[in-house]
Amino acid sequence: MSAYLKIKDLHKTFYPHGQPLKVLDGIDLEVEKGEIFGIIGFSGAGKSTLARCINRLEKADSGTIELGDTDILSLSKDQLLKQRHKMGMIFQNFNLFDSMTVYQNIAYPLEISGVPRKEIKQRVLETAELVGLTEKLKAHPGALSGGQKQRVGIARAIVTKPDFIISDEATSALDPQTTIQILDLLKEINEKYKITILMITHELDAIRYTCSRMAVLEGGKITESGHVRDIFENPHSKTGELFAKVFMLFQSPEFTKGEGI
Amino acid sequence: MSLLDSSFWEVFLASLSPEIWKDLWGPIGETLYMTAISSVIMLVFGIVIGILLDITNPNGLIPLKLSYTLSGWMINCLRSLPQMIMIILMIPVARLIFGKSYGTNACIIAIAASCIPMYARIVESSLLEIDKGKIEAAQAMGSKNISIIFKVLLPETLPSLIRGFTVSVITVLSMTALAGMFGAGGIGDIAVRYGYQRFQHDRLFACVYILIVLVQLIQGIGNLVSKRILKTRNLV
């Protein structure tokens with residue numbers, strides 16, 4: 001299989017208070033078509049910036065991002081808008097529109113890309129059924145639980161039938177049971193529609209549960225990448241080691257007995 | 001009847017007499033007319049200028065530093081004029097447009113000139129309250145700026161916009177009373193001519209009742225509408 005998302009030597013520097021802060025310092029990354037690829041890192045490692053550079057919510061300073069045959073960084077404004085119709089994004093805080101019903105929220109991406117009303121209805125109903133929200137279409141997001149809100153977020157991301165979804169900490173605000181349900185949903189979408197998913201998170205379990213391959217992001221650099229199992233068993237980076245340690249800790253008998261370490 | 005030669009109670013009773021009130025319906029109409037027209041003008045221009053301020057903000061949708069700074073500076077200039085000075089300043093403008101410098105319509109210009117900058121600032125701060133994540137989500141889906149403004153920004157901040165408008169309409173109402181001093185007619189005119197210049201305190205009292213009732217009504221309607229919206233959205 002060939003790489004679908006290719007990121008080469010991506011740099012991004014912010015200037016908070018005038019001081020340069022290298023957030024992305026030469027990222028190289030390849031994600032294959034149809035896989036769920038995990039990116040893990042601590043807070044401030046540059047995960048969200050990386051995600052936002054891919055759909056150009058943030059403009060990278062240098063480097064290249066290729067998605068399929070599209071060179072993201074050289075797109076004109078109009079082309080970028082069209083490209084964004086073809087990629088979904090899921091957020092930690094859901095970012096749903098409170099003024100719209102669930103139906104309108106899911107329909108919004110179709111409306112702005114000029115899909116005819118009749119087709120919108122059909123697609124929204126289909127998608128709502130897939131994510132299990134058929135009963136809630138007339139409700140406003142304010143009346144939903146966190147898990148339901150994220151289902152709306154996912155429905156909104158996949159209703160345009162994208163090839164690629166960025167999940168930026170999609171389960172970080174949810175409780176463990178809901179997290180599993182949402183991850184199952186992401187897996188189902190990935191298998192059913194062959195949508196490539198880039199999953200950005202600081203949660204180990206989420207990555208272990210969903211991804212086949214992953215990368216560790218540390219200080220704006222990818223410190224290691226490969227199969228999830230290999231990284232957990234044989235970490236080569238500080239972050240990787242720490243995560244593996246935490247993982248071992250949670251599995252250690254002392255911990256599970258509740259006697260403290 | 002005046003407080004100078006009658007007791008408070010007598011003046012109060014007199015202020016309720018039909019004789020006084022029959023002369024007040026006309027001025028009430030003028031006040032309502034001035035408030036309504038000025039509020040509509042204020043609403044339209046305030047929203048437009050408020051949106052422009054919000055999107056040209058350095059962190060806005062279309063950052064335009066120069067235009068943002070300049071318009072901000074102009075608004076501050078207009079806002080630093082007390083309402084009374086604004087009315088006097090607008091006399092030549094009113095004469096230019098209506099051919100006379102007094103009357104209800106002439107004062108609407110002064111009221112609008114004074115209240116538009118205020119409401120524009122209120123709109124701006126309401127729009128800035130929106131969760132930036134919502135804007136980002138809309139951008140990530142490929143929204144054009146125009147759809148972000150009309151489908152996300154304005155609807156999402158609607159309850160706050162309505163509350164701001166309510167406060168501003170009350171300011172407009174109080175300014176119509178002030179404009180009464182400059183020949184605009186209305187309740188303020190009655191209060192000044194009878195209550196102040198002729199010591200007819202019963203008429204002054206009646207004006208106070210009317211203003212209190214109007215303010216309560218405006219605030220009540222504003223609260224009701226914005227609460228209704230929040231309730232439909234399950235946000236309260």
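Author: Gladly, starting with helix H3 (residues 102-112) of chain A: nine of its 11 residues are buried, so the helix is largely enclosed by the rest of the structure. This is a predicted model, in which local features need pLDDT of at least 70 and side-chain atom pairs count only at pLDDT 80 or more, while totals for chains, interfaces and linings use all residues. Residues are numbered from 1 along each chain as its sequence is written, with chains lettered from A and ligands numbered from 1 in the order in which they are written.

Reader: What makes a residue of H3(A) buried?

Author: A residue is buried if 20 or more other C-beta atoms lie within 10 Å of its own, exposed if 12 or fewer, and partly exposed in between, with C-beta atoms placed from the backbone. Among those of H3(A) that are buried are Val102(A), Tyr103(A), Asn105(A) and Ile112(A).

Reader: What covers the buried residues of H3(A)?

Author: The cover includes helix H2 (77-85), helix H4 (117-131) and helix H5 (146-158) of chain A, together with helix H9 (145-179) of chain B. Helices here are DSSP runs of H or I with at least four residues, strands are E runs of at least two, and both are numbered from the N terminus.

Reader: Why is Phe12(B) called partly exposed?

Author: Phe12(B) has 14 C-beta neighbours inside 10 Å, so it counts as partly exposed. This residue is found in helix H1 (residues 8-15) of chain B. Its C-alpha atom is separated by 6.4 Å from that of Asp202(B), 190 residues apart along the chain.

Reader: Why do strand E6 (87-91) and strand E10 (221-227) of chain A count as standing at the edges?

Author: The open sheet of six strands runs in the order E6-E7-E8-E3-E9-E10 (chain A), with mixed pairing. E6(A) and E10(A) each have a single partner strand, so one side of each is left without a neighbour in the sheet.

Reader: How do you know that E9(A) and E10(A) pair?

Author: Two strands pair if DSSP finds at least two bridges between them. Strand E9 (residues 213-218) of chain A and E10(A) have six bridges, in the antiparallel sense, so by that definition they pair.

Key
Contact = placed C-beta atoms within 7 Å.
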